[in-house]
Amino acid sequence: MLKPLGDRLVIRQVEAEETTKSGIVLPGQSKEKPQEAVVVARGEGVESELLKEGVKVIYSKYAGNTVKIDDEELIIVKEEDVLAVVE
């Protein structure tokens, strides 16, 4: 597992699925990925109490660095790159 330093967060992108009006589910690869993710870990320098593990967030489109750990793709972003918390 990754332990982010400073004001950084480790997030996992949420898979997007879209259902058409007729009920057909389109897989996430068929369209652009949303910038929605779940917080996996937080650094000790993260100030916002809202950014806890398991919280769903929206982050800046071109933010962060993607890493692959144990066949899982994770993104390391700065706290300032998180735009909103999804409730």
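Colleague: Is Lys56 buried, partly exposed or exposed?

Modeller: Lys56 counts as partly exposed, at 32% relative accessibility. Keep in mind that this is a predicted model.

Colleague: Which side chain does Lys56 meet in a salt bridge?

Modeller: That of Glu36, with an N to O distance of 3.5 Å. Lys56 lies in strand β5 and Glu36 in strand β4, so the pair ties together parts 20 residues apart in sequence. Glu36 is partly exposed, at 21% relative accessibility.

Colleague: How many salt bridges are there in the whole structure?

Modeller: Three. One of them joins the side chains of Glu72 and Arg12, at 2.4 Å from N to O. That pair links distant parts of the chain, with Glu72 in strand β7 and Arg12 in strand β1, 60 residues apart. Asp7 and Arg8 also meet in a salt bridge, at 3.8 Å.

Colleague: Changing topic, how many helices and strands does the chain have?

Modeller: Zero helices and eight strands.

Colleague: And the core, which residues touch the most other members?

Modeller: The largest nonpolar core has 13 residues, and Leu9, Ile11, Leu51, Val57, Val77 and Val82 touch the most other members. Strands β1, β4, β5 and β7 each supply at least two residues of this core.

Colleague: What is Val82 in contact with, leaving aside neighbours within four places in sequence?

Modeller: Leu9, Leu51, Val57, Ile58, Tyr59 and Val77.

Colleague: What share of the chain is buried?

Modeller: Buried residues make up 28% of the 87 residues. The accessible surface of the chain is about 6100 Å², and 48% of that belongs to carbon and sulfur atoms.

Technical notes
Residues are numbered from 1 along each chain as its sequence is written. This is a predicted model: local features need pLDDT of at least 70, side-chain atom pairs count only at pLDDT 80 or more; totals for chains, interfaces and linings use all residues. Side-chain values use heavy atoms; hydrogens and water are left out. A nonpolar core is a set of buried Ala, Val, Leu, Ile, Met, Phe, Trp, Tyr and Cys residues joined through side-chain atoms within 4.5 Å. Buried means under 20% relative accessible area, exposed over 50%, partly exposed in between (1.4 Å probe, protein chains only). Helices (H or I, at least four residues) and strands (E, at least two) are DSSP runs, numbered from the N terminus. Contact means heavy atoms within 4.5 Å. Accessible areas come from the Shrake-Rupley method with a 1.4 Å probe; for residues, only the protein chains shown count as cover. A salt bridge is a side-chain nitrogen of Lys or Arg within 4 Å of a carboxyl oxygen of Asp or Glu.
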